[in-house]
Amino acid sequence: MEITNQHAALLCSPGMGHIIPVLELGKRLVTHQNFTVTIFVVPLHTSKAESELLDASAFPHSLDIIKLPSPDISGLVEPDAVVVTRLTEMMRQVRPTFRAALHDMINFRHRCPTMLIVDLFGTESLPIAEEFGIPKYVYIASNAWFLSVMIYSPTLDEQVKGKFVDLKDPLEIPGCRKLFPELDIVDALLDWSNQQYDEHMLMGRGIPKGDGILINIWEELEPKSLAALRDENFLGRFVKVPIFPIGPLMRPNVSSIPRGDVFDWLDKQPNETVIYVSFGSGGALSYEQMVELAWGLEMSQQRFVWVIRPPIISSANETFFTAGNHNGEDDNLTKYLPKGFMGRTKDIGFVIPLWAPQVDVLAHPSVGGFLTHCGWNSTLESITNGVPMIAWPLYAEQRLNATLLTEELGVAVRSKIPPWKNVVKREEIEEMVRKIMEGEEGFALRDRAKNLKFSGAKALEQGGSSYDALSLFTKHANMFVQFANGVDPS
Ligand code: UDP
């Protein structure tokens, strides 16, 4: 273990999907690199799940959480602004409070950070590190395809005339497969007339301004894309700083937690026979799609655990995102399911309202498939348990992840018509569920998922690529500390 006096200040964007990987990075820096860590969180709203996650008693001694007040952005964005626009504006407006909190930490607690790490939406805070004379890093809690798309977006912006959404030909992004804009690319890129497009470009230009980039994958997962990002003839032209693949970082499953009904039920099912259905911290379906999904599951006659949310009003744009507010109604959600569904599926299905202990569910031996919205945390949680997927992307970078999982890594199937465009019909859902749970193709997907599980675990072990990358990151940061202290790092 590297002995350091590093104290990392981590600035975390709102939302469970951001908080979870930042917390895991913080814990790993404490436990594996002897860091002190202070995480600055901007809560979106206080859900029970978020409060539990941020419960300080669950963290190592050297890890502190500071909650910054959520800035009021009501007059700054259009009322119907999409989530990317809202999050970037929140992170922009939080900068003075964050700066003041750093000063307070130094003045009153005599704890001086030696580096700043921001996540995707925090790149506009990188100059704050310069004010404090400390190095700055960007943490991409996603994959190398996503990083490549972000970095290459400003170039595409210059090259492409008109809107990406209207392009018929695929885009060639170094290190990625050819990507069809509408099917495979992050939705923020599709239409330059929406403010989220400009925010996306700002982030794309901001990421390489860090002194290094941490990314939540491991070297062996996407070697070609990482090579392109480091090659000066390709994306290395834009990224002059080192990239440290330090993943897969995700919450450990906690077998000691109080075991609720779902685990009692899972305990009774044979190994690898249950498909888990969930759309991340904020995803929800239209009513029509919920009904089709219910029928598809029932018709497949496969066992399932389904996390249900109230349906969204319309499937236009980003209304698939519910902002993860799970404090509302929770006991009456089955009213949205087809009449008699609960009774007919009582022996094969288990429905959970709003929020499930996902990591533990996916780690349960009975679970053998995951119908997922393809958020990167959920994806890693599936892969690291060797569970194949049905890719059901809804918003943000999920369609890019879905293409990575189906076309490149070969651990998922997906519907012929993208779920964000049209309602996927029950027959196709039945077919996909059967395919991954019992078909020949499913066995092949499962095999590949298990191979990735082992390669990810190996990467984190001592001597593994991610273990070494984290040590290299610490050495990189130590050079700055030595330099600041007048020691010649060479
Ligand atoms: N999650 C959970 N229970 C749920 C839904 C989500 O524990 O019912 C967790 C999930 O395990 C993952 C995170 O919330 O760690 C969602 O992150 P992801 O990147 O998959 O998607 P996002 O919510 O950011 O779209």
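Visitor: Which word describes α16 and α17 in their relation to each other?

Guide: Two packed helices are described by the angle between their axes and the distance between the axes. This is a predicted model, in which local features need pLDDT of at least 70 and side-chain atom pairs count only at pLDDT 80 or more, while totals for chains, interfaces and linings use all residues. Residues are numbered from 1 along each chain as its sequence is written. Helix α16 (residues 426-438) and helix α17 (residues 440-460) pack at an angle of about 60° with axes 5 Å apart, and α16 and α17 are therefore oblique to each other. Helices (H or I, at least four residues) and strands (E, at least two) are DSSP runs numbered from the N terminus. Axes are lines fitted to C-alpha atoms, for helices over the stretch in contact, with angles from 0 to 180 degrees between N-to-C directions. Oblique is what remains after roughly parallel (under 35 degrees), roughly antiparallel (over 145) and roughly perpendicular (65 to 115).

Visitor: At roughly what angle do the axes of α6 and α8 cross?

Guide: The axes of α6 and helix α8 (residues 195-206) cross at roughly 120° and come within 7 Å, so α6 and α8 are oblique to each other, and α6 passes α8 in a left-handed crossing. From α6, M150, I151, S153, P154 and D157 meet H200, M201, M203, G204 and R205 of α8, a contact with five nonpolar, three polar and two charged residues.

Visitor: Into which domains is the protein divided?

Guide: The protein is divided into domain 1 (7-249 + 463-485) and domain 2 (261-455), with bounds from an automatic or database domain assignment. Their centres, taken over C-alpha atoms, are separated by 27 Å, and 30 residues of domain 1 are in contact with 29 residues of domain 2. On the side of domain 1 that touches domain 2, at least two residues come from each of α1, α2 (48-53), α6 (144-159) and α7 (181-184), with the largest share, four residues, from α1.

Visitor: How many residues surround the ligand?

Guide: The ligand is surrounded by 17 residues, the closest being G17, G280, S281, G375 and S378, where a residue is near if its C-beta atom, placed from the backbone, lies within 6 Å. Both domain 1 and domain 2 give at least three residues to this shell, and its largest share, four residues, comes from α14. By class, the shell has seven nonpolar, nine polar and one charged.

Visitor: What joins G247 and P248?

Guide: Most residues other than glycine have a negative phi, and most peptide bonds are trans. G247 and P248 are joined by a cis peptide bond with omega about 5°, and P248 lies in the loop between β7 (243-245) and α10 (261-267). N34, although not a glycine, has a positive phi of about 65°, and N34 is found in the loop between α1 and β2 (36-41).

Note on methods:
Nonpolar A, V, L, I, M, F, W, Y, C, P; charged D, E, K, R; others polar. Contact = placed C-beta atoms within 7 Å. Left-handed = near helix turned anticlockwise from the far one by under 90°.
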